[in-house]
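This report concerns charged side chains and their surroundings. Please consult the sequence and the structure shown here before reading on.

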Amino acid sequence: MVREKSPYENTLETFDRVADLLELDASIRSLIKTPDRSLIVKIPVELDSGEIHDFKGFRVQHSTAMGPSKGGIRYHPDVTLDEIMMLATLMAWKTALFNLRFGGAKGGVICDPKKLSRGELERLTRRYTTEISTMIGPDKDIPAPDVGTNEQIMAWMMDQYSRMEKRAVPGVVTGKPILLGGSLGRREATGRGCYFTGLEAMRVLKMDPKSVRVAVEGFGNVGSITAGLMFKEGATIVAVSDSSGGIYDKKGLNIPLLIEHKQKTGSVLGFPGSDKMSKEDIFGVSCDILVPAALEASITKDNARDIRAQIIIEGANSPVTPEADEILEANNKFVIPDVLANGGGVVVSYFEWVENRQSFYWTENEVNARLEEKMINVFREVLALNQDKKIGMRMSAYMLAIRRLAEATQWRS
Ligand code: NAD
């Protein structure tokens, strides 16, 4: 039997395809292909029971060619070093695509945050921060939230790092609470960016946002915000799913009420008026737009043919496997790739870092307007390359990003 390739192996293959298209020379290729450094740490934590449990964590810096590296921290039972290396690579491509003066990084801890008490989570986060403190810093590498982490985790990371430095260092993380130097609009930024790129794609395909039907896989930060903004725009959100299952309502789900329901019950299931379906059913739902906003590799060769949506907005990082991507391409789907669709998070993280450095904070309207401008400009840049070269939105985005990363590396070599 042929072994399935890992997410990172798939990313390396994609890199080689893009490097061939760009005709990159061998020395630059090897400099930018693999991470600059990867750290594996042991995180001993006293659980509430008194037992000491050794958690395992990672921090990977893919590249610092264009500036300090930037990337989220994931808390999830399935975290692996391979996954974090893949995500760090995507972060380097994303910051380059958006022309931010950042490199790419990612971190993670193998744990199930839902099963840890608040005290256990705090002790875990503080010890993890101490263990990776040699790598992070506002001029070196700046973490942010990702799956399983949030503004509270960022507050503890910022506090722990500040204690070690014996001064307040708000710029060591982004996605912090507003009172600790977080930026207005950061929490919503990734979903808002997905929404802006979705509107642009609808404009290209001459679809009316008020008459589209949308399905969203994953109803966390990214999925719920994207769904909420589409709902406000007048779209009909026919289906959503989370880790507990999916729900469907042909007439459309009321997203603000569904967010309240999820906050109260912990899942989307049981939302009044909706029908229950399995997590997998979301991919076959009759709709115009599909937003995968959960984890990587959810769209595979086994379900890609079921997808009825014309537009796929990759809220999640790497939600489509390479085999599935070929099927989507053959079926003429308009895919807004991860590095473009979900780049709003790192764009506003960059704003937050700038705000921290100058101790001057922008209004939410200013943040959202700058984000909108950036998302639309980058979308149009990717679209123009695609229209010119006919290589698909994904390869166009990756080409723009990797070319920039190669050029920056060349300057420093
Ligand atoms: P989150 O933890 O807030 O939400 C994840 C959601 O996915 C949860 O609702 C969870 O129940 C659901 N989920 C997990 N497994 C599922 C499955 N098999 N089927 C359906 N739903 C499932 O995380 P998030 O911050 O919203 O991140 C989601 C994705 O977006 C990740 O791939 C992340 O890397 C990417 N991303 C996040 C940000 C950000 O700013 N938060 C930025 C860029 C990219």
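## A buried lysine without a partner

K333 is buried (under 20% relative accessible area, with exposed meaning over 50% and partly exposed in between, using a 1.4 Å probe and protein chains only), yet K333 has no salt bridge. Here a salt bridge is a side-chain nitrogen of Lys or Arg within 4 Å of a carboxyl oxygen of Asp or Glu. The nearest side chain of opposite charge to K333 is D288, 9.5 Å away. The side chain of K333 does reach the backbone oxygen of A309, at 3.0 Å. In the chain, K333 lies in the loop between α9 and β12 (334–336); helices (H or I, at least four residues) and strands (E, at least two) are DSSP runs numbered from the N terminus.

## Basis of the model

The model is predicted: local features need pLDDT of at least 70, side-chain atom pairs count only at pLDDT 80 or more, and totals for chains, interfaces and linings use all residues. Residues are numbered from 1 along each chain as its sequence is written, and side-chain values use heavy atoms, with hydrogens and water left out.

## Salt bridges

Side chains of opposite charge can pair when their charged atoms come close. The count for this model comes to 27 salt bridges. In one of them, D325 and R394 meet at 2.8 Å, N to O. This pair links distant parts of the chain, with D325 in helix α9 and R394 in helix α13 (residues 392–412), 69 residues apart. Both D325 and R394 are buried.

R357 forms a salt bridge with D139, the closest N and O atoms being 2.8 Å apart. This pair also links distant parts of the chain: R357 belongs to helix α11 (residues 344–358) and D139 to the loop between α4 and β5 (141–145), 218 residues apart. R357 is partly exposed at 48% relative accessibility, whereas D139 is exposed at 55%.

Within helix α4 (residues 118–131), R126 and E122 are separated by about one helical turn because they are 4 residues apart. Their side chains meet in a salt bridge of 2.8 Å, N to O. R126 is buried, with a relative accessible area of 13%, and E122 is partly exposed, at 24%. Elsewhere, a network of salt bridges links R74, E83, K106, D146 and E296.

## A buried glutamate

E217 lies in strand β6 (residues 213–217). At 10% relative accessibility, E217 counts as buried. E217 and G246 are 29 residues apart in sequence and 8.3 Å apart in space, C-alpha to C-alpha.

Technical notes:
Lys, Arg positive; Asp, Glu negative; His and termini not counted. Polar contact = N/O pair within 3.5 Å; in protein donor to acceptor, adjacent residues only side chain to side chain.
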